[in-house]
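This briefing is meant for someone opening the structure for the first time. Please keep the sequence and the 3D view at hand while reading the points that follow.

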Amino acid sequence: MATPHPVAFPDGFLWGASTAAHQVEGNNVGSDLWHAENDGSGTLRDRSGDACDSFHRWPEDLDIARDLGLNAYRFSVEWARVVPAPGHPSAAMLDHYRRVIEGCAERGLTPVVTLHHFTNPAWLRAEGGWTSGEALTHFTEYVRAVLPILDGVRWVCTINEPNMVAMMVARRRHAADGEVPAFVVPDPGVTAALTRAHEAARELLASVPGLRSGWTVANQNVQDHGAGPDRTAEMSYLIDDQYIDVAKGDDFLGVQAYSRMRAGERGLIVPGPDDRRTMMGWEYYPRALEDTVRHTAARLGGSTPLLVTENGIATGDDDERIAYTGEAVLGLAHALADGIDVRGYLHWSLLDNYEWGSWEPTFGLVSVDRTTFRRTVKPSARWYARLVRDPEATLRQGAAS
């Protein structure tokens, strides 16, 4: 890896790892996804079940993050747990998430709290989901219930990957019709509903002193590989840019980058057998992070700070995880050297977790025994700890190898 720029990160830069409630907590029985996993209505291969039992073992997870020298931990509050029935928030569940926030502070970890990470209460699905008449009211009531536990929290993600939420709705509709195209346009009705929900949450969160709010985008990093600039720009707008535009004026935007989309003359170029791919089937493309950060910053005109809330690789080869992450973070350093305002890097994921229907893809810095829940810190986590302590030396060593 070439190093044409200085490798430096500003004081106060967040170095952390991310998780999501449904993927690690276990037994999220009130959620729509739990119902889909267990009632036979979905096509999911695996159940989340006990997941990583982080609902009970979160102190151990925070201890691992602290012992690795991280200074931030991103996790999500589960709406289905906090509001098991419409209009009736659970004081016990709010107290649980308050303890997690306090546990972060006790360990010197900055909590980055996500309010909605894909899953909804099953009762919302029964009412019609995000496009139902009461969805906005329900979500704002949920955010209002969570506000008291956010005192002292500096970073809150309102909605995780709204473009993926809207795209999955569209994908399910295509599947019901019998065919799913390679390029799925996010559902515009869901997009509009999520935008309204984000804006309402942002207004409520502004009442908490010192709190910064924003949403996160699953940046697909659409690149022109024969489609031409106009079609590429159209695809990028539909899947990425319209969601980035919503963030103008927000306190930050969460960037989530893993690979890229290649827009070809005949449509989307899907990675084939000759392409290097991850366990998700995505093209192995560490430069996605730098490309995405530069594109997002340009789209926002420098008006909104960025926070890398997810970046990582699904692989069974831990050396490959180190190589991918090193190249991705080095690219991020180059973007920072060019003046792009990025406030932190949160690796996906702290744990090998439930990957939305399958246990096979492993993104984690830490493995989890599915029976005993024993956590085992991987060599990539030790490498990441060295990166946090001395980014320049660690990245230059990787570039030279």
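In which sense do strand β1 and β2 pair, and over how many bridges? In this predicted model, strand β1, which covers residues 14-18, pairs with β2 in the parallel sense, and the pairing extends over three bridges. These strands belong to a closed barrel of eight strands, and a separate topic below is an open sheet formed by three strands.

**The barrel as a whole**
- The closed barrel runs in the order β1-β2-β3-β4-β5-β7-β10-β11, and its eight strands are paired in parallel.
- From one strand to the next, the twist averages 30°.

- Strand β3, made up of residues 110-116, runs parallel to β2 and is joined to it by five bridges, and within β3 the bridge partner of S76 is T114.

**Strands β7 and β10**
- Strand β7 (residues 253-256) pairs with strand β10 (residues 306-310) in the parallel sense, and four bridges make up this pairing.
- Q256 is the residue that stands opposite E310 in β10.

**Helices lying across barrel strands**
- Helix α10, formed by residues 229-246, lies across β5 (212-218) and β7, and runs at about 175° to β5.
- Helix α13, formed by residues 379-389, lies across β1 and β11 (342-348), and runs at about 160° to β1.

**The open sheet**
- Three strands in the order β6-β8-β9 form an open sheet, in which the pairing is mixed.
- The edge strands of this sheet are β6 (222-225) and β9 (267-269), each of which pairs on one side only.
- β6 and strand β8 (residues 261-264) run parallel and are joined by four bridges, and in β8 the bridge partner of Q223 is R262.
- Helix α10 packs on this sheet, where it touches β6, β8 and β9, and the direction of α10 makes about 165° with that of β6.

Technical notes: Residues are numbered from 1 along each chain as its sequence is written. This is a predicted model: local features need pLDDT of at least 70, side-chain atom pairs count only at pLDDT 80 or more; totals for chains, interfaces and linings use all residues. Side-chain values use heavy atoms; hydrogens and water are left out. Two strands pair if DSSP finds at least two bridges between them. Helices (H or I, at least four residues) and strands (E, at least two) are DSSP runs, numbered from the N terminus. Axes are lines fitted to C-alpha atoms, for helices over the stretch in contact, and angles run from 0 to 180 degrees between N-to-C directions. Contact means heavy atoms within 4.5 Å.
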